[in-house]
Amino acid sequence: MTASSAGVSAEAIAHFRSLFQPLTHDGLTALAECYSDDVDFTDPLHHHVGRRAVMAYYRELMAEVSHCHFDFHQQHTQAERCFLEWTMHYAHPKVRSGRTLSVAGCSHLTWQDQRVCRHRDYYDVGEMLYEQLPLIGWAVRRIKQRL
């Protein structure tokens with residue numbers, strides 16, 4: 001039985017989670033090792049294929065934010081699939097004067113040979129970004145209240 005058919009190990013998931021507590025530029029090399037060469041990464045704003053593209057995205061993200069860390073609340077694992085429920089805490093100097101903001105979300109990870117080969121994040125982009133912007137934020141919050 002190969003590692004991929006046995007499912008993902010608890011150690012691989014724990015290591016992956018630890019790299020987001022906090023997510024730092026210095027931790028990106030270790031994070032890269034958690035992904036397969038052909039990883040498919042999707043979040044509400046981006047889609048990247050391949051470890052190089054995903055890591056370029058993380059580098060760009062880390063260049064923009066003041067800090068970013070994740071609190072993990074629930075983990076559901078079945079064979080090679082894992083769902084992680086989390087709250088991301090982040091600060092960006094151009095958003096809300098650099099104050100720390102929080103957004104809830106979930107990651108759906110598919111593992112092969114103890115590496116992530118598919119990573120899909122789900123979160124509310126309005127809550128994370130649009131609601132934090134002047135004028136646009138007021139309009140988005142107002143629309144959400146009316147729904």
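Does Val95 count as buried or exposed, and at what relative accessibility? Val95 counts as buried, at 8% relative accessibility, where buried means under 20% relative accessible area, exposed over 50%, and partly exposed in between (1.4 Å probe, protein chains only). The points below take the model from its overall layout to single residues.

1. Basis of the model. This is a predicted model, in which local features need pLDDT of at least 70 and side-chain atom pairs count only at pLDDT 80 or more, while totals for chains, interfaces and linings use all residues. Residues are numbered from 1 along each chain as its sequence is written, and side-chain values use heavy atoms, with hydrogens and water left out.

2. Layout. The chain has six helices and six strands, taken as DSSP runs (helices H or I, at least four residues; strands E, at least two) and numbered from the N terminus. Their order along the sequence is α-α-α-β-β-α-β-β-β-β-α-α.

3. Burial and surface. Of the 147 residues in the chain, 41% count as buried. The exposed surface comes to about 8,500 Å², with 54% of it supplied by carbon and sulfur atoms; accessible areas come from the Shrake-Rupley method with a 1.4 Å probe, and for residues only the protein chains shown count as cover. Contact means heavy atoms within 4.5 Å. Among contacts between residues at least 6 apart in sequence, 47% join residues at least 24 apart.

4. Nonpolar core. The largest nonpolar core has 37 residues. Such a core is a set of buried Ala, Val, Leu, Ile, Met, Phe, Trp, Tyr and Cys residues joined through side-chain atoms within 4.5 Å. Phe16, Phe20, Leu31, Tyr35, Tyr58 and Trp111 have the most contacts inside it. Leaving aside neighbours within four places in sequence, Phe20 is in contact with Leu31, Tyr58, His69, Phe70 and Phe72. In soluble globular proteins, nonpolar side chains tend to be buried together.

5. Helix H2. The buried residues of H2 (residues 10-18) are Ala12, Ile13 and Phe16. They cover an arc of only 95° around the axis, which puts them on the same side of H2; the arc is that of the directions from the helix axis to the C-beta atoms. Ala10 and Glu11 are exposed, on the face of H2 turned away from its buried side. The cover over the buried residues of H2 includes helix H3 (28-32) and the strands E1 (35-42), E3 (67-78), E4 (81-91), E5 (101-112) and E6.

6. His119. His119 lies in strand E6 (residues 115-123) and is buried, with a relative accessible area of 2%. Its side chain makes a polar contact with the side chain of Asp121 at 2.7 Å. A polar contact is a pair of N or O atoms within 3.5 Å; within protein, one must be able to donate a hydrogen and the other to accept it, and residues adjacent in sequence count only if both atoms are side-chain atoms. Not counting residues up to four places away in sequence, His119 touches Phe16, Tyr35, Asp40, Phe41, Thr42, Tyr58, Ser107, His108 and Leu109.

7. Arg51. Arg51 is in helix H4 (residues 51-64) and counts as buried, at 14% relative accessibility. The Arg51 side chain reaches the backbone oxygen of Ala32 at 3.4 Å. Beyond four places in sequence, the contacts of Arg51 are Ala32, Glu33, Tyr35, Ser36, Asp37, Val39 and Arg115.

8. Cysteines. The structure holds zero disulfides, a disulfide being a pair of cysteine sulfur atoms within 2.5 Å. The sulfur of Cys82 has its closest cysteine sulfur in Cys106, at 8.8 Å, which is too far for a bond. Cys82 is buried, with a relative accessible area of 0%.

9. Loop between E4 and E5. Val95 is placed in this loop. Val95 and Met128 are 33 residues apart in sequence and 9.9 Å apart in space, C-alpha to C-alpha. Ser97 lies in the loop between E4 and E5 as well; it counts as exposed, at 75% relative accessibility, and its phi is near 55°, a positive value in a residue other than glycine.

10. Other backbone points to check. Gln114, in the loop between E5 and E6, has a positive phi of about 65° although it is not a glycine. Gln114 is partly exposed, with a relative accessible area of 25%. The peptide bond from Gln21 to Pro22 is cis, with omega near 0°, and Pro22 is found in the loop between H2 and H3.
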